Amino acid sequence: MLLSSLQRRFAVLALLVLVVLGGMIVYSQNQAGKITREAIQSVAEVRQLERQVNELRDSLQALEQRVYQRTVVSYSDNESVEQQIHHYLEQLNQQINTLFTISSRDNNWEEAAKHDPDSFAALAFELKQQVRKLKRYIDYYNMIASDTRLRFPFSRTLNERLLPLSNDFVVAVNTALQEINSAGETSNNKSLNRLFTDLRYNWVQQISIFRMFVLSRSGMFDTPRSAMEVTLNDRSMFWDNIGDLLEQLYELDQEGELPFETGFAIERMREIYIEYDNHFSEIKPTLMSDEWRIDHLFLNEKLQPEFSTTTQVVSRISEKIKNHSTKIIDKTHAVADRINLMIWLSGAIFLILVLAGYLMFEHLIRRPVRIMADAMNAEARGESFYPVMSADIEETRLLVDAFHNMQEQVHSRQARLETILDNAAEGVITMDRNGIIENFNQAAEGLFGYSAVEIIGRNVNILFPRDARRPPDSYISRFCQGDIRPTDSEIDTTGRHKNGMTFPVSLKISEMNIGGQLLYTALVDDVSERITMISNLRHLAEHDSLTGLHNRYFFLQEVERIAQRATRGKHEDVALLYIDMDNFKYVNDTMGHMAGDKLLIEVAAMLKTRSRETDLVARVGGDEFSVILYDVERDTALKTADAFRKKLEQYHFSFEGRLADVGCSIGVAMVEQGISKDELMARADLSCNAAKRSGRNKVHIYTEADKQNLENISDDMGWVRRIKQALRNNRFMFVVQPIMQAGTHEINRCEVLLRMLDDEGRFIMPSGFIPPAERFGLMPDIDRWVVNHAIDYLASGDSETFNLSINLSALSFDDEGMINFITDKIRQTGIEATRLTFEITETVAMANLELTVTFLEKLRNLGCRTALDDFGVGYSSFAYLKELPVDYVKIDGSFVRDLENNELHQAIVKSMNDICRAMDKLTVAEFVETGATMHILEQMGIDCLQGYYIGRPEIPDFEKQRMTH
C-alpha cells in the first residue's frame with residue numbers, strides 16, 4: 001500500500017514538471033529564432049570588406065613571390081622583376097586606401113586610429129605604415145642583389161688576393177722547371193724535375209678542390225655543410241703535400257743542390273704558400289657561415305619577417321571583419337543555446353534525481369540484502385561464493401566484513417595455495433606425487449587452453465605428450481612413475497594444447513610441503529618465440545643483408561657439399577659461375593656508396609630473375625657474385641653465363657640523373673669427379689681472371705689449357721723456411737691486450753697476440769705469416785710455441801695476478817698430442833690451469849662441431865677455461881651454442897665498432913648477451929674503441945670489454961727481457 005502511494009505521487013510530480021518544462025522550451029525556441037534572423041542581416045554589410053581584404057592579400061602574396069624571384073633570376077631580368085615589385089607596392093597602397101574608405105568615413109587616419117585603436121581604420125593605418133617599412137627594406141635588398149661585391153663579401157679577397165697569388169705560384173714553379181730542364185738530364189735534375197712536377201700537380205689539385213669548396217656552399221653537391229667538410233679534408237691533404245715538397249726543396253737549396261734562380265723561386269713559393277693560406281683562413285669562416293651571401297641573409301632575417309608581420313596585420317583585419325559579421329549571430333546563438341540548455345538540463349536533472357532515488361533504494365538496501373542471503377546459503381552448502389558489494393555504506397560494509405572473517409577461518413589453507421599460484425609469472429601446475437593436478441593458474445590456462453575446472457583432477461600427462469624424437473620414458477612420465485626426483489634445472493619438452501596442437505616449452509619441477517601434504521609445482525614457459533628468433537637469426541646468417549641473396553658462408557657450405565659428392569664419385573652436372581663486375585669501383589668512387597649499394601641491389605635482382613628457381617645465386621664479395629647451376633651441361637652453362645653477361649652489358653645504371661655502364665667478367669668451372677672445393681673455387685676464380693685479362697666483359701670457361709696456370713699458382717715457398725727458422729731461433733714473440741671486467745673496471749686477464757720478427761728485428765703481423773702457415777700445416781707448431789711461452793710467462797713473477805687467453809688454430813684440434821702437450825707443460829710449471837683460457841673462432845667451431853666439443857671438453861676437464869671467438873659472424877651457431885662447452889663468448893667486433901650510431905647492432909648485441917646469459921655463459925665485447933661504446937655495453941650487461949679504448953697490445957716485460965738476451 002505504501003509502495004503504491006509512492007508510485008502515484010511520483011507520477012503526479014513527474015507530469016507537473018514535464019508540463020512546466022515543455023512551456024519553457026517552446027518559449028525559448030521562439031526567442032532564439034527571432035534573434036537569429038536579426039543577426040543574419042548584418043552579414044551582408046561586411047561582405048564588401050571581405051572581398052577587398054582578399055584582393056589585398058593576393059597582392060601581398062604576389063609581391064612576396066616577386067621578391068623571392070629576385071634571388072634566382074638572371075641579371076638581364078632584374079629590371080623587369082623590379083618593375084613588377086614597384087607595381088605591386090603601388091597596388092597595395094591603393095587597396096589600403098580603398099579599405100579605409102569602406103570602413104570609415106573619416107579621412108584622418110591617424111586621428112581615427114588614436115580614437116579607437118581597435119577599429120578598422122587603426123588596422124588599415126597600421127598596414128599602411130607596415131607597407132612603407134616593407135618598401136624601404138625591398139629597396140635596400142634590390143641594391144644588394146644588384147652588386148656582386150655586396151652579395152658575396154668574400155669575392156674581393158678571392159679575386160684580388162688569392163687568384164694573383166695562385167698565378168704567381170704557378171709561374172714560379174714553371175720558371176724553376178724551365179731552369180732545371182735547360183741544365184740537362186742528370187739524375188739530380190730528374191729528381192728535382194719530379195719534385196717540382198709533384199709540387200705543381202698538388203697546387204693545381206688544391207686550387208680545383210678550393211673551387212669545389214666554393215661551389216659546395218651553394219648546395220650543388222649534397223648538403224652544403226657536409227660537402228664543404230669533405231672538400232676541406234681533401235684540400236688539407238694536398239696542402240700538406242705542398243708544404244712537405246716545399247720543405248724538401250728548401251732543404252736541397254740550403255745544401256746547395258739547386259740552381260741560383262731556382263732558389264729564389266723556392267723562396268717566393270714559400271712566401272706565397274704562407275700568404276695564400278692566411279687569406280684562405282680569412283674567407284673560410286665567411287664561406288662556412290650563413291653570411292656568405294648577404295642578400296639571402298637579409299632576405300631571411302629582415303624581409304621574410306616583415307612579410308610575415310604584414311601578413312599578420314592583414315589576417316587581423318580579416319579576423320576583425322569576420323568577428324564583426326558573426327558577433328551578433330554568436331551572441332544570439334549563445335543566448336538561445338543557454339536558454340535551451342538550462343531548460344533541458346532542468347528536466348534531465350529532475351528525471352535523473354527521480355531515477356537515482358529508485359536505484360539507490362535498489363542498490364543500497366534490497367540488492368545487498370539479497371546478495372548476503374545467497375552468500376550465506378552457499379557457504380552453508382559448502383559452495384564457493386564471494387559477495388561483491390559496490391555500495392559503500394556502514395551497514396553493508398559491517399555485514400560484508402563479518403562474512404569475510406568467517407570465510408578466512410574456513411578457507412585459510414586454500415587461500416595460501418591460491419596465493420602461490422596467482423602470484424606466479426609463468427604457468428604453474430600443482431600436482432601430487434602421482435601427477436594428479438590439484439591447481440592450475442591463469443597463466444597455465446592461457447598456455448594450454450584448459451580451464452581450471454576442466455583440468456583439475458586429471459593426470460598431468462595429458463599436457464605433455466611423448467615426443468617421437470625422445471625416448472619413450474620421457475621425464476614427465478618417469479616423474480609420475482616415481483623413478484626420478486624433481487630438479488631445479490630447466491628441461492626442454494613438448495606441450496599439448498586443448499585443441500591438439502603441440503608447442504615447445506621449458507619445464508622445471510620443484511617440491512614443497514604445504515600443511516603436511518607433499519606437493520609438486522611445475523613451472524611451464526612457452527619457448528616458441530625463442531626458437532623463432534633463433535630461426536630468424538639463422539636466416540640472417542645465410543643471406544646477404546643488402547641484396548637478400550645467399551651470402552658467402554652459405555655458398556661455401558653448398559660448394560663443400562657438391563665437392564664431397566664429387567669426391568665420393570657421385571658426379572653431378574653442376575657448373576660454378578664466378579661473376580665480377582667490371583666498373584663497380586668507378587660507380588662507387590664517382591657516385592658514392594649509396595649508388596654502389598643501389599647498383600648491387602639491382603644487379604642481384606637481375607641475376608635472380610634471370611636464373612632458375614633451382615639455381616643458387618649468392619653474393620660472395622663486395623662486387624662479386626656466384627651462381628651454381630644444377631643439371632646443366634658444359635654448353636648450356638656457357639650459354640647461361642653469356643646470357644648473364646649480355647644482360648649486364650645491356651644494363652645502364654642510373655643514379656640521380658647520372659648514367660654508367662657496368663658490364664661483368666664471368667668465369668665458369670664445371671664440377672668433375674674427384675674435384676675438391678678449393679680446386680673448384682680456384683678454377684672459377686682463375687677463369688674469371690682470364691676473362692678480365694682478355695679485355696673484360698667476357699666469359700671464360702675452365703679448360704685443360706688452364707690447368708698449367710692453376711698448378712703454377714702457389715704461395716712463396718720461402719715462408720716455410722722463414723717460419724721454421726723463426727720457430728727454431730725463437731723469432732716469434734707475443735704481445736698482450738688487456739680484457740677489463742665491466743662494472744668494476746678490473747683488469748686481470750689479457751689476450752695473447754702473436755708477432756714474428758724478420759732478420760732486421762721488425763714485426764711481421766699475423767696476416768703475413770698465418771695464411772702460409774695454415775697452407776703448409778705449420779700452425780700446430782706455432783700453437784705449441786705460443787702455449788709453451790705463455791705458460792712460462794704465467795709461471796714467472798711478472799704475472800702472478802694475470803690470466804691469459806690463447807687462440808688455437810683449427811689444425812691443432814686434429815693434433816691428438818696437443819692436449820698432452822698442454823697437460824705436461826702445466827704440470828711442469830705448476831701453474832693453476834684456470835689461469836689459461838683457450839679461444840677458438842666460430843668458423844673453426846662450426847666446421848667440425850663434434851671434434852670441437854670433444855677437444856673443448858678435454859680442456860675443461862684439465863681445468864682450463866674456453867672461449868668462442870668472433871661470435872656472430874654466422875648466426876646459425878646460435879642453434880649449437882648450447883652444445884659447445886665454452887665459458888666465454890666473444891662478440892665479433894663488427895657489431896661493436898660504431899655501436900653508438902647503429903641501433904640495429906645494439907639490438908643484435910643485446911640479443912646475443914641475453915641468449916648467452918640464459919645459457920650461463922659470460923660475454924666479451926671486442927673492438928671497444930670509445931667511451932660511449934663502453935657505456936652502452938655496460939648498460940646491456942656485457943661481462944667483459946676489450947679494445948683500444950681499454951688498452952692497446954703491449955709487449956710484456958717477460959718478452960722484452962727475452963729479446964734483449
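Is K890 buried or exposed? K890 counts as buried, at 1% relative accessibility. Buried means under 20% relative accessible area, exposed over 50%, and partly exposed in between, with a 1.4 Å probe and protein chains only. This is a predicted model, in which local features need pLDDT of at least 70, side-chain atom pairs count only at pLDDT 80 or more, and totals for chains, interfaces and linings use all residues. Residues are numbered from 1 along each chain as its sequence is written, and side-chain values use heavy atoms, with hydrogens and water left out.

Stay with K890. Side chains of opposite charge can pair when their charged atoms come close. E926 forms a salt bridge with K890, and their closest N and O atoms are 3.6 Å apart. E926 lies in the loop between β20 (922-925) and α34 (931-940) and K890 in strand β19 (residues 888-891), so the pair ties together parts that are 36 residues apart in sequence. E926 is buried, with a relative accessible area of 9%. A salt bridge here is a side-chain nitrogen of Lys or Arg within 4 Å of a carboxyl oxygen of Asp or Glu. Helices (H or I, at least four residues) and strands (E, at least two) are DSSP runs, numbered from the N terminus.

The whole structure holds 26 salt bridges. Another joins D582 to K692, with the closest N and O atoms 3.5 Å apart. D582 lies in the loop between β6 and α19 (584-591) and K692 in helix α22, so this pair ties together parts that are 110 residues apart in sequence. Both D582 and K692 are buried. Elsewhere, salt bridges link D642, R645, K646 and E649 in a network.

Now turn to helix α18. Its buried residues are F554, F555, E558, V559, I562, A563 and A566. They pack against α17, β6 (574-581), β7 (616-619), β8 (624-630) and α22 (677-693). Within α18, E558 and R561 sit three residues apart, about one turn of the helix. Their side chains meet in a salt bridge (2.6 Å, N to O). E558 counts as buried at 13% relative accessibility, whereas R561 is partly exposed at 35%. After α18 comes G569, whose phi is positive, near 90°.

Helix α17 (residues 528-542) contains A541. A541 is buried, with a relative accessible area of 2%. The C-alpha atoms of A541 and G872 are separated by 8.3 Å, although the two are 331 residues apart along the chain.

Last, look at helix α8 (residues 187-216), which holds N202. N202 is buried, with a relative accessible area of 8%. Its side chain reaches the backbone oxygen of D198 at 2.7 Å.

Note on methods. Contact = heavy atoms within 4.5 Å. Polar contact = N/O pair within 3.5 Å; in protein donor to acceptor, adjacent residues only side chain to side chain.
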